[in-house]
Amino acid sequence: MALYTTQARVTGGRAGHGETSDGLLKVDLALPKELGGQGGATNPEQLFAVGYAACFESAIRFVARKQKLPLQDAAVSATVSLLPNGEGFKLGVALAAETKGLDQAAAEGLVSAAHQICPYSNAIKDNIEVALSTVALPAKAA
């Protein structure tokens, strides 16, 4: 049984408009200037980057709680690239995680464990190459 289900509808494709069924997200879409479009609005790669970064950071926090790690804070930057793939296209992803409160080795282990449970990571497993990097920032003084 699903823990959560949502729905979104888009009209006009990359130069259209999208909305979630609950009306909480309404977004105009535009082809980026780099792809010959006019830009000025978001695009599917940006939406994927925000969704993946949010989900991955949540996975980091979940694993840290489960393993009782002294994680003080975390942030994730997702870089999503649209790449040629023969006659079509594919995505490439780089996730840069920052943790606060852990040493580098513990932070890398945490990020690796998060990658194993993150729904986005699992959805694209064996299909999209994901480059992971981790920076362990010094702990905040108490």
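Predicted model: local features only at pLDDT ≥ 70, side-chain atom pairs only at ≥ 80, totals over all residues.
Residues are numbered from 1 along each chain as its sequence is written, and side-chain values use heavy atoms, with hydrogens and water left out. Helices (H or I, at least four residues) and strands (E, at least two) are DSSP runs, numbered from the N terminus.

**The surface patch**

- Leu82 counts as partly exposed because its relative accessibility is 31%; buried means under 20% relative accessible area, exposed over 50%, and partly exposed in between (1.4 Å probe, protein chains only).

**Salt bridges**

- There are 3 salt bridges in the structure, each being a side-chain nitrogen of Lys or Arg within 4 Å of a carboxyl oxygen of Asp or Glu.
- Glu45 pairs with Arg14, and their closest N and O atoms are 2.4 Å apart.
- That pair links distant parts of the chain, since Glu45 is in helix H1 and Arg14 is in the loop between S1 and S2, 31 residues apart.
- Glu45 is buried, at 12% relative accessibility, whereas Arg14 is partly exposed at 29%.
- Arg61 meets Glu57 in a salt bridge at 2.7 Å, N to O; both lie in helix H1, 4 residues apart, about one turn of the helix.
- Arg61 also bridges to Asp73, with the closest N and O atoms 2.9 Å apart.
- Asp73 is in strand S4 and Arg61 in helix H1, so this pair ties together parts 12 residues apart in sequence.
- Arg61 is partly exposed at 27% relative accessibility, and Asp73 is partly exposed at 30%.
- Put together, Glu57, Arg61 and Asp73 form a salt-bridge network.

**The largest pocket**

- A pocket here is an open set of points on a 1 Å grid over the protein atoms alone, where a 1.4 Å probe fits, with protein on both sides within 12 Å along at least five of seven lines; lining residues have an atom within 4 Å of a point.
- The largest pocket holds about 250 Å³ of space, the volume being the space filled by probe spheres set on the points, which are joined across faces, edges and corners.
- Its lining has 14 residues, with Ala8, Val10, Leu25, Val27 and Leu47 nearest the centre.
- Strand S1 (8-11), strand S2 (17-20) and helix H1 (44-66) each give two or more residues to that lining, and H1 gives the most, with 4.
- By class, the lining has 9 nonpolar, 3 polar and 2 charged residues; Ala, Val, Leu, Ile, Met, Phe, Trp, Tyr, Cys and Pro count as nonpolar, Asp, Glu, Lys and Arg as charged, and the others, Gly among them, as polar.

**The second largest pocket**

- This pocket has a volume of about 150 Å³.
- Residues lining the second largest pocket include Leu35, Glu45 and Leu82.
- H1 and strand S4 (73-85) each supply at least two lining residues, and H1 has the largest share, 3 residues.
- The lining splits into 5 nonpolar, 2 polar and 2 charged residues.
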